[in-house]
Every structure is written in structure tokens, then in C-alpha cells.
Amino acid sequence: MDRPITTLYMLMSLDGKISTGASDDRDVDKDFPNIDGLKEGLYQYYDIEQTTDLWSFNTGRVQEKMGVNEKSFPDKTPVSFVLLDNSHLTEHGVMYFCKKSKEFVLITSNKDHPAFNVKENNLHIIYQEELSLPDALRELKNSYGCERITIQSGGTVNGLFLREKLFDYIDVVVAPVLIGGKDTSSLIDGRSIISENELSGLGVLKLIDCTVLNDSYIRVRYQVLS
């Protein structure tokens, strides 16, 4: 394979939502710890997250919601982070990930991105005039030695991975809650299939494991067949 092996790892509600609402003020990391019936078992998602790949893919939009543009700089971790971002990270946000990452790779189509002003030895920029996730993944493997990567991006970018056939495994922790709302982000968002010819864009799955966790949480793992 000329790209890293990918695993989508997410926390979602039973109805497939990965946020608690349509506003950027709403977020499962922010809200679940304050909700009885959810907070008790939430730790399991984070415990499993600690066992995922040492390369992690996310987006600047998600990280902006998490406050990285204002947070104090963290300690160094053994994880290498890859962020897709055009406009959400500030120079502080870029420096935050330089401090946190073993290697930090930014994928951007913005030639004026603040990352170009940051000079850190572990910062690498993949600039693309037009986004190509397949090309970016190939470069991650060939230039930076990324063999396996965990994807934890938002629903829209997850949709791009799906349609490009870039998912190899799906690993989802299901929280015991129904959220609803057509504008609330789900596990896979983005462009919908509208014709029979597009059915090849479906992700057909084979169940690897289903584990009942504590406090009514469930973990399901799949291999993506096509």
C-alpha cells in the first residue's frame, strides 16, 4: 500500500452524532462530562484513545473548538499530529501542536497560512493548491514514515475519506444517548449519494468485534471491505 493504514476512531451517539448540537459552542468533550448517564462511562473512550496509532489526523476547525489558539503550551508527547487547516489555526495554535507533537504536519491550501511564519524543526507543511487527501497520505508515508494513522476529524472531512476509499478500519465508541438534529454533525457528513452510479462510494464493512463496555457504552470495530 502506498499510503498509511487508516483507522477512523470516534465517539458518537446511538443516532450517529459526534457533537451535542449544531453550534460550535456545543461539543461532546465539553458537554458529556456534565450529563448524568453519560459522564460515568465517558472515561472509557479516552482510555481506548490512548492505545490508538502514534500518528493522529485531525482538522484545524475541530482544534479551534477545543481552544488550542488560546491554551497554554502542552508537554511533548510521543504522538505525531497531522492537521488539515486553511483558516482556523493561529500562530499560537500552530506552536501549540509543535510543542505537543513528535512531528507536526500541516496540510493546507492557504499559501498565507500562519504556519509559514513559524520556524520549528518538527513542523512540516504539505501545501496543495487543491486538496488531495490521497496525495497527502502518500506524502505522509513516503516523506515522514507514517505507516498507520488514526483519523479523528469532523463529519465533513470523514465524508471525504469515505468517498475517496481511504478508510481501512472503523473503531467507534457508542455513547448511550440520542441527540438528533439534522444540522448536528454526524460520523459521516458531506455530499450525499443521489444516483445509482454513486453507490460505489459506499463503505461496506465487516464486523471485527463488538464489546459491551461499562455504563451502557459499546465499542464496535469494523474492517472496511470497499
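L202 lies in the loop between β7 (169–175) and β8 (205–212); helices (H or I, at least four residues) and strands (E, at least two) are DSSP runs, numbered from the N terminus. The model is predicted: local features need pLDDT of at least 70, side-chain atom pairs count only at pLDDT 80 or more, and totals for chains, interfaces and linings use all residues. Residues are numbered from 1 along each chain as its sequence is written, and side-chain values use heavy atoms, with hydrogens and water left out.

With a relative accessible area of 42%, L202 is partly exposed. In this report, buried means under 20% relative accessible area, exposed over 50%, and partly exposed in between (1.4 Å probe, protein chains only). Together with L199, V204 and L225, L202 makes a nonpolar surface patch of about 340 Å². Patches are made of residues with over 30% relative accessible area and no salt bridge; like charges are joined within 9 Å, and nonpolar side chains (Val, Leu, Ile, Met, Phe, Trp, Tyr) within 5 Å. Accessible areas come from the Shrake-Rupley method with a 1.4 Å probe.

Helix α4 (residues 91–100) contributes the buried residues G93, V94, M95, Y96, F97 and C98. These pack against α3 (60–65), β3 (80–84), β4 (104–108) and β5 (123–127), where contact means heavy atoms within 4.5 Å.

C98 has a relative accessibility of 2%. Its sulfur is 17 Å from the closest cysteine sulfur, in C146, too far for a bond. C146, in turn, is in no disulfide and is buried at 0% relative accessibility. With a disulfide taken as a pair of cysteine sulfur atoms within 2.5 Å, the count comes to 0 disulfides.

The salt bridges, by contrast, number 13, each being a side-chain nitrogen of Lys or Arg within 4 Å of a carboxyl oxygen of Asp or Glu. Three of these pairs are listed below.

| Pair | N to O distance |
|---|---|
| D27 and K65 | 3.7 Å |
| K111 and D112 | 3.5 Å |
| D135 and R138 | 2.3 Å |

D27 is buried at 11% relative accessible area, whereas K65 is partly exposed at 24%. Both K111 and D112 are exposed.

D135 and R138 both lie in helix α5 (residues 133–144), 3 residues apart, about one turn of the helix. D135 is partly exposed at 38%, and R138 is partly exposed at 29%. A network of salt bridges links D2, D135 and R138.
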